[in-house]
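Student: I'd like to learn how to read salt bridges in a model. Can you walk me through some?

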Amino acid sequence: MPLATTYSRAHVGMDAPLVTIEVHLSSGLPAFNIVGLPEAAVREAKDRVRSAILNGQLEFPNGRLTVNMAPADLPKQGGQFDLAIALGILAASEQLDGKTLVRYEWLGELALSGHLRPGPGALPAAVSCMRDGRTLICNPENASEAALVSGSQVAGAEHLLQVVRLLKDDEYQLPAVQPPIAEAGPVYPDLKDVKGQSAARRALEIAAAGRHNLLYFGPPGTGKTLLASRLPGIMPTLSDDEALDIAAVQSVAGQPLTWRQRPYRAPHHTASSAALIGGGSQPRPGEVTLAHRGVLFLDELAEFPRTVLDVLREPLESRSVCISRAARQCTFPADFQLVAAMNPSPGGYAADDPRSSRYSIEQIQKYLARLSGPFLDRIDLHIEVPSLPQEVLMSDDQPEDSRTVQARVQKAWQRQQERQGCANSELTGQALERHCALGQEEHRLLEQAMSKLGLSARAYHRLLRVSRTIADLKGDERIERAAIIEALNCRQLEKLLGRG
């Protein structure tokens, strides 16, 4: 048959839109044309496909080949279309039965020898392929990744000839594919390594239990980074859906799968806005997406340019990122927990510390001004991490380990799921009013705090959510006065800015 049709998948953000590949073989001078907005890597498929077919002892047709990749307005990039193009050519030249191709979707870059190479985005492609009722054929490494999708039909092939045999021989089956084996358990740094700092440890527990954003400030060497790195180890255990979300992001980004472990991303303070949010002519995920379902840690927060920090304001609220380009939009998930650490002045010490005397008040204010009010408003907990006395550092006392703290966090998390089906940090509107209802005395206390501290409506709602989390950690059904006082003590913004 001079016309054959095969199917593959493109990558647009976290989506895998279907690409229908039509191959037409006609008489005339030998030519090989690819149309349908192919980018450089797709145009170069002509040479890869030709060599792979010839090196597989198959016949490359001596005629005019036209490959159309539909839809025509969707840019095609990457080498994952090679296998589908090669099979279309073999079907158009009647070396394969074209009717057998439509049951499958093909994803794989061809080496010149005909071997299939792995590529990014197999997991989202498997999800879309399953919805359309077809079987996905790809490199065994990608097939193992795609097998994480429950109910998907996936097979792995190492060489073009294996695929040809599958289509010619009804009795031949490709080797069975198993999803990658998860490790015995995620390995995180343990909280027992942190001595002293009871207030900072308590704030870390509150942040983990309600998925609240957290800012540590204090002089160098007090354990801010050490504390932040322990957060993933005390967060609630991952559900299967959350683990699959993490695997999908890692698949699109072309990273090794560590889907059973919460991601912990710590970009350098020289990172650009695009590095944090994502971008490019063909949008790629940024740090906020790579930290999805995990932790984004920003060390030396005040060293980040203000414009870079302010681009985080929208993802912190919407938990997603929409990147717009002239032709299309891409939406990436960004449900991360922000933890930041900073020094209270350029020299590292508080403004009233003698070691900060070489910096003027104006220099310190300029340093702190990199943190805009709206950005700080989106951080629930602001905690000072002071220097520890020598006797605390050298004591033999054994702090609580991560497992003990995580057990309390897990119980608080279960209370939230049973009560409202989401984390306390996600409560909005009527759900916030219903689940964070206050008594008359508690309401009066919060009113006084708002008036004295000049809190915005956003800060007020965040205080309510933190108070709800503290009550859940204690096992209380309603928010007591003590919970509100502790939540207020966890908001030491005035002290950071030198006003308290």
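Student: Is Arg 462 buried or exposed?

Tutor: The general idea is that under 20% relative accessible area counts as buried. This is a predicted model, and in it Arg 462 has a relative accessible area of 8%, so Arg 462 is buried. Glu 317 has 39%, which makes Glu 317 partly exposed.

Student: What do the side chains of Arg 462 and Glu 317 form?

Tutor: They meet in a salt bridge, N to O at 2.9 Å. Arg 462 sits in helix H21 and Glu 317 in helix H14, so look at the sequence gap too: the pair links distant parts of the chain, 145 residues apart.

Student: Which parts does the pair Arg 408 and Glu 205 tie together?

Tutor: Start with the contact: those two side chains form a salt bridge at 2.8 Å, N to O. Arg 408 is in helix H18 (residues 402-419) and Glu 205 in helix H7 (residues 198-210), so parts 203 residues apart in sequence are tied together. Glu 205 is buried at 6% relative accessibility, while Arg 408 is partly exposed at 29%.

Student: Where does Arg 478 lie?

Tutor: Arg 478 is in the loop between H21 and helix H22. Its side chain meets that of Glu 442 in a salt bridge of 3.5 Å, N to O. Arg 478 is partly exposed at 38%, and Glu 442 is buried at 6%.

Student: How many salt bridges are found in the whole structure?

Tutor: The search finds 33. Some residues join up in a network of salt bridges, among them Arg 211, Glu 242 and Asp 335.

Definitions and conventions: Residues are numbered from 1 along each chain as its sequence is written. This is a predicted model: local features need pLDDT of at least 70, side-chain atom pairs count only at pLDDT 80 or more; totals for chains, interfaces and linings use all residues. Side-chain values use heavy atoms; hydrogens and water are left out. A salt bridge is a side-chain nitrogen of Lys or Arg within 4 Å of a carboxyl oxygen of Asp or Glu. Helices (H or I, at least four residues) and strands (E, at least two) are DSSP runs, numbered from the N terminus. Buried means under 20% relative accessible area, exposed over 50%, partly exposed in between (1.4 Å probe, protein chains only).
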